[in-house]
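Have the picture open while you read.

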Amino acid sequence: MLKVIVVVARDRPQLFGYFERAFADMPDIRVLLDRRILPPGVQPGAASNPGQQERRDIYDELEQRGFVMIRVG
């Protein structure tokens with residue numbers, strides 16, 4: 001059963017490759033490349049309503065660190 005998703009920023013292909021190799025033998029961890037497409041001029045962390053704070057925090061972390069680990073289930 002999937003327990004952790006690692007999302008890696010698009011502009012960090014080396015980091016994506018590293019995580020893919022590091023977690024290759026761990027079926028509980030899935031590594032994904034960020035596939036979000038934002039309109040020009042929109043900041044990744046910009047949220048229009050306060051209820052989206054958690055999502056904005058994840059986007060901020062993704063932008064700052066180049067990856068984010070999300071626990072599921």
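How much space lies in the second largest pocket? About 180 Å³, with the volume taken as the space filled by probe spheres set on grid points joined across faces, edges and corners.

## Before we go on

This is a predicted model, so local features need pLDDT of at least 70 and side-chain atom pairs count only at pLDDT 80 or more, while totals for chains, interfaces and linings use all residues. Residues are numbered from 1 along each chain as its sequence is written, and side-chain values use heavy atoms, leaving out hydrogens and water.

## The pocket

A pocket here is an open set of points on a 1 Å grid over the protein atoms alone, where a 1.4 Å probe fits, with protein on both sides within 12 Å along at least five of seven lines; lining residues have an atom within 4 Å of a point.

Helix 2 gives the largest share of the lining, 4 residues. Strand 2 (29-33) and strand 3 (67-71) also give two or more each. (Helices are DSSP runs of H or I, at least four residues, and strands are runs of E, at least two, numbered from the N terminus.)

## The cores

Now for the largest nonpolar core: its 8 residues are V6, V8, L15, F16, F19, F23, V31 and F67. A nonpolar core is a set of buried Ala, Val, Leu, Ile, Met, Phe, Trp, Tyr and Cys residues joined through side-chain atoms within 4.5 Å, and buried means under 20% relative accessible area (1.4 Å probe, protein chains only). Helix 1 supplies the largest share, 3 residues.

A second, separate core has 5 residues, among them I5, V7, A9 and L62.

Note on methods: Buried means under 20% relative accessible area, exposed over 50%, partly exposed in between (1.4 Å probe, protein chains only).
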